[in-house]
Amino acid sequence: MSDDELTPVFDRGTREHSRSRNRLRAEPMLPETAYQLVHDEALLDGNARLNLATFVTTWMDDHANRLYAETFDKNMIDKDEYPSTAAVEDHCWRILGELWNAPNVDDAVGTSTTGSSEACMLGGLAFKRRWQHARRAEGKSTEKPNLVMSSAVQVCWEKFCNYWDVEMRLVPVNAEHPVFDGSDLENYVDENTIGVVAIMGVTYTGAYEPVRDIAAKLDEIQEKTGFDIPIHVDGASGAMIAPFVQPDLEWDFRLPRVHSISTSGHKYGGVYPGLGWVVWRETKWLPEDLVMRVSYLGGDMPTFALNFSRPGAQVLLQYYLFLRLGFAGYAEMQQGSQDVAVFLSRAIGEMKPFRLISSGTDIPVFAWTMNDDYTDKWTLYDLSDRLRMRGWLIPAYPLPADLEKVIVQRIVVRADLSLDMAQKLMGDFRDEVGYLDALPAPMPDAERAPAFHH
Ligand SMILES: Cc1ncc(COP(=O)(O)O)c(C=O)c1O
C-alpha cells in the first residue's frame with residue numbers, strides 16, 4: 001500500500017503500520033504520515049511536566065530551546081572540528097570544580113558524560129586503576145577489589161561492580177542508621193577496598209549522606225590500619241543543590257579524601273536529558289593510562305569516556321545556563337524548588353494517613369509512608385494509581401534491603417513545578433485520599449511488584 005496525499009493524514013498507512021511495527025517496511029512513507037504515527041505513539045507517554053518521579057529536566061526556556069535546535073548536530077568527540085564546543089566543555093567542568101571547592105582548578109581534571117551513571121563508572125574506574133597500580137608496586141594481588149557503599153545506592157553502582165568485576169560491599173541502612181554515616185565502616189573495608197561511595201541525595205529519599213563523617217571515619221581507619229581509602233561523591237542531584245542551598249555543608253573537595261565528584265547536568269544542572277559531569281580534585285587521582293588522546297587543533301586533547309560519539313548540544317546548554325543564571329540565579333532556582341518541596345511535604349505530613357520519611361530540606365525530594373494500621377482499604381500503590389488518573393506521576397516503591405517492608409511514595413520537585421501547580425496537586429491529592437477513604441470495601445489485593453525503577 002502506498003501513501004496517498006489525498007487520504008486524510010490519520011488514515012494514511014495505519015493498516016500496514018499495525019502489521020509491521022517490529023519490521024522495517026519494504027516501502028517508504030510520506031514524511032507527514034511517518035511523523036504523525038510517531039507523534040501519536042509518543043502521545044501515549046505520561047506528561048513529562050507532571051512526572052514527579054523523575055529528577056531529569058523537563059523544561060528549559062525558549063533561548064535554550066533555540067540553542068538546542070541550532071546545535072543538535074554537534075558530536076562531542078569531534079574536538080578538532082568543533083573546538084569551541086570542546087572549549088565550552090572545559091569551561092563547564094572548571095566552573096564545577098570551583099563550585100565544589102577544588103583547591104586549585106588548574107590542577108584538577110574533569111569531563112562531561114552522558115549522565116551520572118557514566119560519570120560514576122569513570123570515578124569507579126579511576127579508583128580501581130589507582131588501587132591496581134599501588135598494589136602492583138607493592139607486589140600484591142589485584143584479584144579481589146571491592147567498593148564500599150550504602151545499600152541505598154543507585155543501580156549505576158551495581159552496574160559498575162558487575163561490569164568491572166569489583167565486589168560490591170553494601171553497608172545496610174536500617175531504622176537506627178537510615179543513611180550511611182560511616183558507622184561500622186571498619187567492618188567493611190580492607191586492603192582490597194578501592195574506595196567508598198558517598199551519596200549526596202539518596203535516590204529513595206533525597207537525604208544527604210554525611211560525607212564529612214564518612215571521611216572522618218576513614219581517617220580513623222587509616223590511622224589504625226594504614227589503608228588510605230578515597231571517597232567518590234555521587235552527587236547526581238545534590239552536587240547541584242548543596243553549593244547553592246547549603247553552602248556551609250562540607251561534603252566536597254574541601255575534604256581532601258574526596259578524590260572525585262559526579263553530577264547529572266540533566267538533573268538539578270537544569271539541562272535536558274543526556275548530560276553528566278565528573279571532576280577529580282587533583283590530576284593525579286585520574287591515572288594517566290586511562291586517558292585516551294584525540295587530536296585537537298593539531299595538538300592533543302585527553303579524553304576519558306565510555307562512548308566515542310555523543311551529543312555536544314547538552315554541553316552548550318549547560319554553559320548557557322551557567323551564563324544565564326550565574327550563582328545567584330541557580331541559588332534562586334534551587335531554593336524555589338526546595339520551598340515547593342517543603343510546602344508539599346508539610347501538607348502531606350499533616351494528613352492523617354501519612355508519616356514523612358524525609359521532608360525535602362536536603363535536595364528538594366521527599367518521601368512518605370503510610371501509618372501502620374491506618375486502613376486496610378488502600379495502599380500507597382492505590383494512591384499512586386489514582387493520582388495517575390489525574391495525570392500526576394508519583395511512584396510508590398519499597399525502601400532498599402533491610403527496610404524493604406517500608407513502602408514509600410516520593411515526589412521530586414524540579415524548577416518547573418511552581419507553587420501554583422503544587423497547590424493544584426494538593427487539591428487532587430486530598431480528593432483522591434478522600435475517595436479511597438470512602439471506599440465501602442478494600443481495594444482488590446492485586447499482587448504488587450513495584451514497577452518503578454530508580
Ligand atoms: C544518586 C544517583 N546516582 C546516579 C544516578 C544515575 O544518574 P543518571 O540517570 O544521570 O545516569 C541517579 C539517578 O537518579 C542517582 O539518583
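Figure 1. Helix α10 (residues 380–389) lies across β11, β12 and β13, at about 35° to β13; axes are lines fitted to C-alpha atoms, for helices over the stretch in contact, and angles run from 0 to 180 degrees between N-to-C directions. Helices (H or I, at least four residues) and strands (E, at least two) are DSSP runs, numbered from the N terminus. Residues are numbered from 1 along each chain as its sequence is written. Because the model is predicted, local features need pLDDT of at least 70 and side-chain atom pairs count only at pLDDT 80 or more, while totals for chains, interfaces and linings use all residues.

**Figure 2. The antiparallel sheet by itself.** Four strands form an open, antiparallel sheet in the order β10-β11-β13-β12, two strands being paired if DSSP finds at least two bridges between them. The edge strands, β10 (354–356) and β12 (396–398), each pair on one side only, and neighbouring strands are turned by 40° against each other on average, direction ignored. Strand β11 (residues 365–370) and strand β13 (residues 407–412) pair in the antiparallel sense over five bridges, and phenylalanine 366 has isoleucine 411 of β13 as its bridge partner.

**Figure 3. The seven-stranded mixed sheet.** An open sheet with mixed pairing is formed by seven strands in the order β1-β7-β6-β5-β4-β2-β3. β1 (109–113) and β3 (167–171) stand at the edges with a single partner strand each, so one side of each is left without a neighbour in the sheet. Within this sheet, β2 (residues 146–150) and β4 (residues 193–199) pair in the parallel sense over three bridges, and asparagine 146 has threonine 193 of β4 as its bridge partner. Helix α4 (residues 83–99) lies across β1 and β7 (276–280), at about 115° to β1.

**Figure 4. Helix α5 and the shell around the ligand.** Helix α5 (residues 116–137) gives the most to the shell around the ligand, with three residues. Of the 16 residues around the ligand, Gly115, Ser116, Ser117, Gln154 and Ala236 come nearest, a residue being near a molecule if its C-beta atom, placed from the backbone, lies within 6 Å of it. After α5 comes glycine 139, whose phi is positive, near 70°.

How values were computed
Two residues are in contact if their C-beta atoms, placed from the backbone, lie within 7 Å.
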